Amino acid sequence: MDNTKLDINQIFEIIKVDFSELIDFTEGDNFILVSHTKWYEIAKFIKNDSRLLFDYLMCITSYDKEDKITYGLAFNFKSTINHSYLEIRIEVCDEDSVPSVTDLWGSANWHERGAFDMMGIKFENHPNFKRILLPDDWPGYPLRKDFETPEYYRGMLVPKDKTYWE
Amino acid sequence: MSNQDKSIIKAEEMVLNMGPQHPSTHGVLRLKIHTDGEVVSKIEPIMGYLHRCFEKHCENLSYEQIVPYTDRCDYLASMHMNHSYAIAVEKLLEIEIPERVEYIRIIVAELQRIASHLVAIGAFGLDVGAITPFTWALRDRERILDLFEMLCGARLLYNYIWPGGVSHDLAPKFVHHTNEFLDYFEPMIKEYDQILSGNIIFVERTADVGIITPEVGINFGVTGPSLRGSGIPHDLRKDEPYSIYDKFDFDVPVGKGMMGSVGDCWDRYWVRMREMEESIKILRQALGRIPSGDVHSAIPKKVRPSKGEIYSRYETARGDVGFYIRSGGKNIPQRLKMRSPAFCNLSVFSEISEGWMMSDVITILGSLDIVLGEIDR
């Protein structure tokens with residue numbers, strides 16, 4: 001087992017050997033862009049490879065690219081063994097679905113549900129795929145930039161942004 | 001025995017709803033508990049009853065206006081939320097903070113850690129039937145809230161630490177009163193140990209219950225005292241020192257399985273007790289050497305970070321809080337995500353309470369020390 005802390009360039013070189021056409025990295029960036037088609041295989045690799053060992057998935061953030069088509073996911077990893085840090089991003093269209101990594105990292109379970117809840121990103125093979133914070137019948141995905149707050153929810157008036165603020 | 005008789009004695013799964021209005025769920029958390037007799041087979045936490053659209057609000061507010069909203073996430077450790085958010089924005093802006101501000105921030109953060117752990121310990125005792133320690137804990141916490149009131153006028157939701165500085169300088173006699181409190185509180189920890197830590201009823205209820213193994217803990221992203229109870233010395237104040245924590249001498253207490261196995265409920269409780277002692281150690285060092293200076297000098301006139309993303313981590317009383325901020329070059333963030341520690345700590349709950357009795361579920365939930373304001377955001 002190798003216990004040296006790796007920087008993003010070294011990590012990219014290691015992943016590139018097996019998955020060269022599926023990952024993308026620009027010099028100077030602090031993240032690696034990964035294609036969603038083989039994400040599960042890459043995830044398995046970064047978790048189990050003896051040089052990487054990213055055993056701690058800290059956070060999954062969903063974001064809107066603001067072009068009304070693409071939505072992104074940012075995964076923040078940390079290795080508790082060699083203390084390397086890695087950020088992986090996946091950018092998908094509305095109709096694509098991302099393979100779930102819940103069986104690799106238990107923390108992915110609720111974070112993926114959170115990403116679906118707020119940004120509408122779909123995950124494949126998730127053991128319990130449903131909304132987590134909002135009610136199951138809430139219309140739309142609120143953190144998308146083109147989300148419009150409904151006027152009524154189950155007969156209750158939904159206050160519009162800033163209406164009652166002043 | 002006929003088939004009909006067999007169906008009569010067949011053990012059937014029963015689904016029990018606990019909460020959202022239940023004193024032992026520490027807030028509005030609903031637990032869907034699948035039980036086989038008295039033994040728990042699966043727990044489905046259902047949350048969202050306290051969802052206040054924190055992340056959506058952040059996309060419509062300027063960076064300075066978000067600070068009071070962070071208060072309301074973790075209402076038992078608001079200073080930590082202020083501090084963690086301020087650090088994230090400062091990283092985004094790349095500004096230097098005066099040393100006096102850093103000292104003040106660390107003093108309030110460590111006082112807040114003691115206050116939050118007192119509630120955790122008191123409420124945990126209450127969950128397993130010990131009522132006296134809860135009243136003691138709240139009595140002592142009251143003195144810390146008095147100190148904060150002296151500092152910024154608020155007792156719970158402070159809005160004290162701003163990006164670039166703090167809202168008020170130290171009150172004239174703050175250091176004196178804090179020292180007085182520490183002199184009073186240090187011997188009190190021994191009294192807590194006497195009434196709770198070694199109490200045979202308490203040990204019987206908590207030792208060997210709800211064990212988090214190190215592998216499960218890391219896999220589920222458990223952090224803070226809950227992970228340290230499993231024997232892993234993971235503390236961001238030591239591992240990746242932010243602010244000026246590298247200047248202080250303190251230890252990271254970990255669970256050793258003194259009453260049962262490593263990682264049980266008692267260990268998580270014990271780590272919180274010892275962490276209060278470490279906080280006192282840091283406070284005594286910090287109070288002795290506060291430099292002079294202006295606390296408002298580094299507050300930026302306009303917070304308008306350039307385009308980019310940041311993931312900033314901070315050790316709160318509950319664990320590792322992360323702020324992922326995407327800046328689009330405006331005075332409002334494009335996307336702000338808070339990785340809340342209690343959210344991840346709660347996700348391991350179903351895993352570790354499998355096979356325990358109904359009464360142990362309350363114990364395990366209490367030992368995880370969740371705050372629903374932070375889970376639901």
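Figure 1. The model is predicted: local features need pLDDT of at least 70, side-chain atom pairs count only at pLDDT 80 or more, and totals for chains, interfaces and linings use all residues. Residues are numbered from 1 along each chain as its sequence is written, chains are lettered from A and ligands numbered from 1 in the order in which they are written, and side-chain values use heavy atoms, with hydrogens and water left out. S1(B) is joined to strand S2 (residues 30-36) of chain B by 5 bridges, and the two run antiparallel. B:Met18 has B:Leu31 as its bridge partner in S2(B). Helices (H or I, at least four residues) and strands (E, at least two) are DSSP runs, numbered from the N terminus; two strands pair if DSSP finds at least two bridges between them.

**Figure 2. The open sheet of chain B, in which 3 strands follow the order S1-S2-S3 with antiparallel pairing.** Strand S1 (14-18) and strand S3 (39-46) of chain B are the edge strands, each pairing on one side only. On average, neighbouring strands of this sheet are turned by 25 degrees against each other, direction ignored. Helix H15 (residues 358-368) of chain B packs on the sheet and touches S1, S2 and S3 of chain B, its direction making about 145 degrees with that of S2(B). Axes are lines fitted to C-alpha atoms, for helices over the stretch in contact, and angles run from 0 to 180 degrees between N-to-C directions. Of the 11 residues of H15(B), 10 are buried (under 20% relative accessible area; exposed is over 50% and partly exposed in between, with a 1.4 Å probe and protein chains only). Among the buried residues of H15(B) are B:Met358, B:Asp360 and B:Leu368. Just after H15(B), B:Asp369 takes a positive phi of about 55 degrees.

**Figure 3. The hairpin of S2(B) and S3(B), with 2 residues between the strands.** The strands S2(B) and S3(B) pair in the antiparallel sense over 7 bridges. B:Leu31 stands opposite B:Pro45 in S3(B), and B:Gly37 in the turn has a positive phi of about 70 degrees.

Figure 4. B:Glu44 is buried, with a relative accessible area of 15%. Not counting residues up to four places away in sequence, B:Glu44 touches A:Asn128 and A:Lys130, as well as B:Arg30, B:Leu31, B:Lys32 and B:His34. Contact means heavy atoms within 4.5 Å.

**Figure 5. Strand S5 (residues 85-93) of chain A and its pairing with strand S2 (residues 32-34) of chain A in the parallel sense, over 3 bridges.** The bridge partner of A:Val34 in S5(A) is A:Ile90. Strand S4 (residues 70-78) of chain A is joined to S5(A) by 9 bridges, and these strands run antiparallel. A:Ala74 stands opposite A:Arg89 in S5(A). The hairpin of S4(A) and S5(A) has 6 residues between the strands, and A:His83 there takes a positive phi near 60 degrees.

**Figure 6. Packing of helix H1 (residues 8-19) and helix H2 (residues 39-48) of chain A, at an angle of about 135 degrees with their axes 11 Å apart.** H1(A) and H2(A) are therefore oblique to each other; angles under 35 degrees count as roughly parallel, over 145 as roughly antiparallel, 65 to 115 as roughly perpendicular and the rest as oblique. In this contact, A:Ile14, A:Ile15, A:Asp18 and A:Phe19 of H1(A) meet A:Glu41, A:Ile42, A:Phe45 and A:Ile46 of H2(A).
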